[in-house]
Amino acid sequence: MLLSLHVLAAILAIGPVAVAASMFPATLRRLTPDTAPALRTLHRICRVYAVVGILVPLFGLATASSLGVLTEIWLIISMALTAAAAAILALAILPRQAAALTGPPLPATAARLGMLTGIFNLIWAAVVILMIVRPGSTTGA
């Protein structure tokens, strides 16, 4: 049950952030009065689902605890990567998106947001790979 909740939370919370954050820089590059509402919506999706995304590591820790794998290196690396992704989202992506909405964006803003979002998404891809492969796992994978 916990594993199902963890996977569902990851799909339903991280997926929308990854997509919306990835769409924001491209929409910002095409900035017109017509695209401003789309930027606000994409930013709102990122903010709301970032909060919902807190469930992912909570369910993950509960799952890992129930499986007895809390000290496994693949899980520790996954937790560190998750913390890094959360920090990038909270400290870099969301503030830059908000700044782009409040004033005229600097030319480099879209490029930096694209780079940060790419790093954010690559980190999540690495976490997914670790969760599937689970090197050294005691659960048979």
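Keep in mind that the model is predicted.

Next, select residues 6–28. Here too the span is 100% helix and 0% strand, with 33 Å between the end C-alpha atoms. Both stretches come from a record: under "transmembrane region", an unreviewed UniProt entry lists residues 6–28, 48–67, 73–94 and 115–133. Colour these four ranges if you want to see where the annotation falls.

Now show the whole chain as a cartoon. Of the 141 residues, 34% are buried. Among contacts with a separation of 6 or more, 78% join residues 24 or more positions apart.

Then select helix 1 (residues 2–29) and helix 4 (residues 73–102) and hide the rest. Their axes are 12 Å apart and meet at an angle of about 40°. The two helices are therefore oblique to each other. Their crossing is left-handed.

To see what touches, show side chains for V17, A21, F24 and L28 of helix 1, and for L89, I93, Q97, A100 and L101 of helix 4; these residues make the contact. Which classes of residue does the contact of helix 1 with helix 4 have? Eight are nonpolar, one is polar and none is charged.

Definitions and conventions. Residues numbered from 1 in each chain as written. Predicted model: local features only at pLDDT ≥ 70, side-chain atom pairs only at ≥ 80, totals over all residues. Heavy atoms only, no water. Axes fitted to C-alpha atoms, helices over the stretch in contact; angles between N-to-C directions. Helix = DSSP H or I, 4+ residues; strand = E, 2+ residues; numbered from the N terminus. Parallel < 35°, antiparallel > 145°, perpendicular 65-115°, else oblique. Left-handed = near helix turned anticlockwise from the far one by under 90°. Contact = heavy atoms within 4.5 Å. Nonpolar A, V, L, I, M, F, W, Y, C, P; charged D, E, K, R; others polar. UniProt positions renumbered as here; feature names shortened; annotations may be inferred. Buried < 20%, exposed > 50% of the residue type's maximum accessible area, 1.4 Å probe, protein only.
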